[in-house]
Amino acid sequence: MFYDSEARNSGSNTPEMPFNPFKALVAPRPIGWISTLTEDGTVNLAPYSYFQAVADNPDIVLFSATPSLSAVDGAISFGEERKHSEHNAVASGEFVCNLVSYDLRTAMNDTSAHIPAADSEAEHAGLVMAPSTRVKPPRVANAPAALECVVVGSMPVPRQGGSHRYQMVFGEVVGIHINEDFINDGRVDTAAMQLVTRMGYDEYAVLESAFTMPRPDFDPLLSGLLKS
Ligand SMILES: Cc1cc2nc3c(=O)[nH]c(=O)nc-3n(C[C@H](O)[C@H](O)[C@H](O)COP(=O)(O)O)c2cc1C
């Protein structure tokens, strides 16, 4: 079948596919569990699956947020305010991206609840936070790893004819905490972390196995130099 994304954007439905299949197909997406601090020092924590690594050396990640949601007359719509994670990251210049292991899945989901900025989702989910090293927002103590980030940019996601309502926040990674249980011979055992990833609808997947595939020796330009 052909799913007409442009028709959906202008309000018409594809009857045989009532939900946009996009997120079920660009899957799995890593979850950035973003911790930030409000101006008065309250810990904010929320999951973002529009999250990705976009460059290394220096290492850069981004997460992308809609405006905050509000309920008016029984209907949900986007409000004027930005989500707390985006606001706090941009205002303070710092955030931490915690990785989510399978045992933290329910707590991660709990922290997606829309609660007032003055309340901490971390407390609401019963999570213990630990101090970070280079940035002020704390990290989730039991997360298998956490990336400490300094905000290096923020811009609206571009779309045809203008700007999307999503806003991207770019962070440069200035340090990484890794639970030693997941380090073997100086390498991270990613599969052992059982990272939770997001698919479409309410579906998640767990990253549990890895296979290796060295780059080709016969690369015509690089003569095997990518092997390591
Ligand atoms: C697994 C998961 C992934 C999510 N990804 C995003 C996302 O990429 N962008 C977004 O705006 N909201 C996303 N949300 C919703 C936010 O977590 C939710 O709106 C949360 O209340 C935002 O909190 P904040 O205002 O404290 O940042 C996601 C929720 C879940 C459960």
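## Around the ligand

Helices (H or I, at least four residues) and strands (E, at least two) are DSSP runs, numbered from the N terminus. The shell holds 18 residues, and the closest are A46, Y50, K83, H84 and S85; a residue counts as near if its C-beta atom, placed from the backbone, lies within 6 Å of the molecule. Strand 3, strand 5 and helix 3 are the elements that give two or more residues to this shell.

Sorted by class, the shell has six nonpolar, ten polar and two charged residues. Here Ala, Val, Leu, Ile, Met, Phe, Trp, Tyr, Cys and Pro count as nonpolar, Asp, Glu, Lys and Arg as charged, and the others, Gly among them, as polar.

## About the model

This is a predicted model, in which local features need pLDDT of at least 70 and side-chain atom pairs count only at pLDDT 80 or more, while totals for chains, interfaces and linings use all residues. Residues are numbered from 1 along each chain as its sequence is written.

Seven strands form an open sheet in the order 3-2-8-11-12-5-4, with antiparallel pairing. Its edge strands are strand 3 (43-48) and strand 4 (51-55), each pairing on one side only; two strands pair if DSSP finds at least two bridges between them. On average, neighbouring strands are turned by 35 degrees against each other, direction ignored.

Helix 3 (residues 84-92) packs on this sheet and touches strands including strand 2 (32-37), strand 5 (60-65) and strand 8 (94-98). The direction of helix 3 makes about 55 degrees with that of strand 2. Axes are lines fitted to C-alpha atoms, for helices over the stretch in contact (C-beta atoms, placed from the backbone, within 7 Å), and angles run from 0 to 180 degrees between N-to-C directions.

Within the sheet, strand 11 (residues 145-159) and strand 12 (residues 162-178) run antiparallel and are joined by 13 bridges. P158 stands opposite S163 in strand 12.

## The whole protein

Altogether, the protein has five helices and 16 strands. Its radius of gyration, taken over C-alpha atoms, is 19 Å, close to the 17 Å that the globule rule gives for 228 residues, so the protein is as compact as a globular protein of that length. That rule is 2.2 Å times the number of residues to the power 0.38.

Notes:
Two residues are in contact if their C-beta atoms, placed from the backbone, lie within 7 Å.
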